[in-house]
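Work through the following exercises with the sequence and the model side by side, and try each task before reading its solution.

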Amino acid sequence: QKSLNEKNMKADYMYTDVTDSENVQSTVNQVIKKYGRIDILYHNAVDVPLVNNHDSRITELPEEIWHKINKIVLDGAFFCCKYVGQKMLKQKKGSIILTATTDALVGQAGLDAYTAAKGAIVSLTRSMAAGLSPEGIRVNTICPGFVETPHQMNFLKDSKIRKQLENLHLMGISKPNEIAEFALFLASDKSSAMTGGIHVVDSGYTSFKGKLEL
C-alpha cells in the first residue's frame, strides 16, 4: 500500500447515503461493475455538528436525536458491512475497518446517543470478526480521540474548549493524516494477522489520569 505522502494516487467519488439500504447497495454494485471486486471497506460516517450540538445526557436527550445518531453510526455500519461483506465472501478476502471512538471505551458525560452507537460498533467488530474472518475477511475498529477534522475545527475555534481538549491528550490533538495512515495499515496485507481488534489511536487520551507538571 502506498503512503498518503506518495503521489500518483487516484480516487473516484460516488455519493452514498449510508442510512439508506438501497443507496448503499447501488453504490456497492457500481463499484463491482467498475472494478470487479471490493478489497477494503472503511466506514467513517458521522454527523459531527449533530453530535456536538444536540447529543446530551440521556434524561434530556430527545428521542429524535437518539434515532438520528444511531441511524448514521450503527445502521450505516450495518448496511455497508452487510452488502460489502457479501461481495468479500465471494472473494474469500477483504478488510473491513470501522471507526468507533475513545468515548466508546471510557465514559463521556453528555454524549449518550453517540457513545451508545459507537459502543455498539466495538461489539459488532468482534462478532463480525468471529463470523467472517474464518472465510478470509478481517474486521477491525479504530478508536480515535479528538481529531482536527474540518467539522471539529469549527468546534475547536473556542480557545477555552481547545485548551481543555489539548490537556486531555498527551501529544496534542491528532491530525486526520495520523488516523488515515493507521487505517491504511489495517487495509494492507501488512496487518494480515489482525482481526477483531479495537485499536486506540488517541494521542494518549485513554492512557492517563494527569500530566506530570515540571
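Throughout, contact means that heavy atoms lie within 4.5 Å. The structure is a predicted model, in which local features need pLDDT of at least 70 and side-chain atom pairs count only at pLDDT 80 or more, whereas totals for chains, interfaces and linings use all residues. Residues are numbered from 1 along each chain as its sequence is written, and side-chain values use heavy atoms, with hydrogens and water left out.

**Exercise 1. The nonpolar cores**

Task: Find which residues leucine 41 contacts beyond its neighbours within four places in sequence, and state which residues have the most contacts inside the largest nonpolar core.

Solution: Begin with leucine 41, which, once the neighbours within four places in sequence are set aside, is in contact with Cys80, Cys81, Val84, Met88, Ser95, Ile96 and Ile97. Next, recall that a nonpolar core is a set of buried Ala, Val, Leu, Ile, Met, Phe, Trp, Tyr and Cys residues joined through side-chain atoms within 4.5 Å, where buried means under 20% relative accessible area, exposed over 50%, and partly exposed in between (1.4 Å probe, protein chains only). The largest such core has 35 residues, and those with the most contacts inside it are Leu41, Ile69, Met88 and Ile96. At least two residues of this core come from each of helix H1 (21-35), helix H2 (48-54), helix H3 (63-91), strand S2 (94-99), helix H4 (112-132) and S3; helices (H or I, at least four residues) and strands (E, at least two) are here DSSP runs, numbered from the N terminus. H3 gives the most, with eleven residues. A second, separate core has eight residues, among them Ile97, Val147, Ile179 and Ala187. In soluble globular proteins, nonpolar side chains tend to be buried together.

**Exercise 2. Strand S3 and its partners**

Task: Determine which residues of S3 are buried on each of its faces, and how many bridges join S3 to S4.

Solution: First examine the two faces of S3, where Ile137, Val139, Thr141 and Cys143 are buried on one side and Arg138, Asn140, Ile142 and Pro144 on the other. Eight of the eight residues of S3 are buried, so this strand is largely enclosed by the rest of the structure. Then turn to the pairing, for which DSSP must find at least two bridges between two strands. S2 and S3 pair in the parallel sense over six bridges, with isoleucine 96 standing opposite valine 139. S3 (residues 137-144) and S4 also run parallel and are joined by five bridges, with threonine 141 opposite isoleucine 198. Finally, take cysteine 143 as an example from S3: this residue has 0% relative accessibility and counts as buried. Apart from neighbours within four places in sequence, cysteine 143 is in contact with residues including Ala100, Leu105, Ile198 and Val200.

**Exercise 3. The buried side of helix H7**

Task: Identify the buried residues of H7, and work out which strands they pack against.

Solution: Helix H7 (residues 176-187) has twelve residues and reaches 16 Å from its first C-alpha to its last, close to the 16 Å expected at 1.5 Å a residue, the expected span being 1.5 Å times one less than the number of residues. The buried residues of H7 are Ile179, Ala183, Leu186 and Ala187. These residues cover an arc of only 100° around the axis, which puts them on the same side of H7; the arc is that of the directions from the helix axis to the C-beta atoms. They pack against strand S1 (40-43), S2, S3 and S4.

**Exercise 4. Serine 203**

Task: Decide whether serine 203 is buried or exposed, and find what its side chain reaches at 2.6 Å.

Solution: Locate serine 203 in the segment after strand S4 (197-201). With 15% relative accessibility, serine 203 counts as buried. The side chain of serine 203 reaches the backbone oxygen of glycine 172 at 2.6 Å, while one of its polar atoms lies 3.1 Å from the backbone nitrogen of methionine 171. Last, check the backbone: most residues other than glycine have a negative phi. Serine 203, however, has a positive phi near 55°, and lysine 92, which is not a glycine either, has a positive phi of about 65°.

Terms used: A polar contact is a pair of N or O atoms within 3.5 Å; within protein, one must be able to donate a hydrogen and the other to accept it, and residues adjacent in sequence count only if both atoms are side-chain atoms.
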